[in-house]
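Have a go at each task before reading its solution.

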Amino acid sequence: MSMAAAQEALQQNLVVFDRLDRNKDGQLNQSEFAALTNPYAIKIDPNSLMSLFDTDRNGQVTLIEYRIATQSSFDRIDGDRNGVVTALELRASGISP
Ligand SMILES: [Ca+2]
Ligand SMILES: [Ca+2]
């Protein structure tokens, strides 16, 4: 991923996180986090997705936890590492049917 693409991804992350964080406490609780599964149309149990993000298991997802999880899953999904996730790569990763 190029620097510009990385910056863009980080910016996107912040925008999405901020939108999800409805009470603006800098953390996503369970109900805030559940909204994540809708915009991305991910057919996955929000609780199991949350446990993926919530590395310290305190029931809250901080921006740092969010970034670590989205970055690592993005890199995993982005098979050819070109910074763009295609529908094909989403299917290959098992996220999208
Ligand atoms: Ca919050
Ligand atoms: Ca946490």
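**Exercise 1.** In this predicted model, work out what span helix H1 (residues 3-20) should have, and compare it with the distance between its end C-alpha atoms.

*Solution.* Start with the length: H1 has 18 residues. The expected span uses 1.5 Å times one less than the number of residues, so H1 should span 26 Å. The end C-alpha atoms of H1 are 26 Å apart, which agrees.

**Exercise 2.** Decide whether H1 lies largely in the open.

*Solution.* Count the buried residues of H1: the number is one of 18, so the helix lies largely in the open. For context, buried residues make up 9% of the 97 residues in the protein.

**Exercise 3.** Classify Asp 21 and Asp 75 as buried, partly exposed or exposed.

*Solution.* First, locate them: Asp 21 sits in the loop between H1 and strand E1 (27-28), while Asp 75 belongs to helix H4 (residues 63-77). Next, apply the cut-offs: 20 or more other C-beta atoms within 10 Å means buried, and 12 or fewer means exposed. Asp 21 has 20 such atoms within 10 Å, so it is buried. Asp 75 has 13 within 10 Å, so it is partly exposed.

**Exercise 4.** Which residues does Asp 21 touch, leaving out those up to four places away in sequence?

*Solution.* Asp 21 touches Gly 26, Leu 28 and Glu 32.

Note on methods:
Residues numbered from 1 in each chain as written. Chains lettered and ligands numbered in written order. Predicted model: local features only at pLDDT ≥ 70, side-chain atom pairs only at ≥ 80, totals over all residues. Helix = DSSP H or I, 4+ residues; strand = E, 2+ residues; numbered from the N terminus. Contact = placed C-beta atoms within 7 Å.
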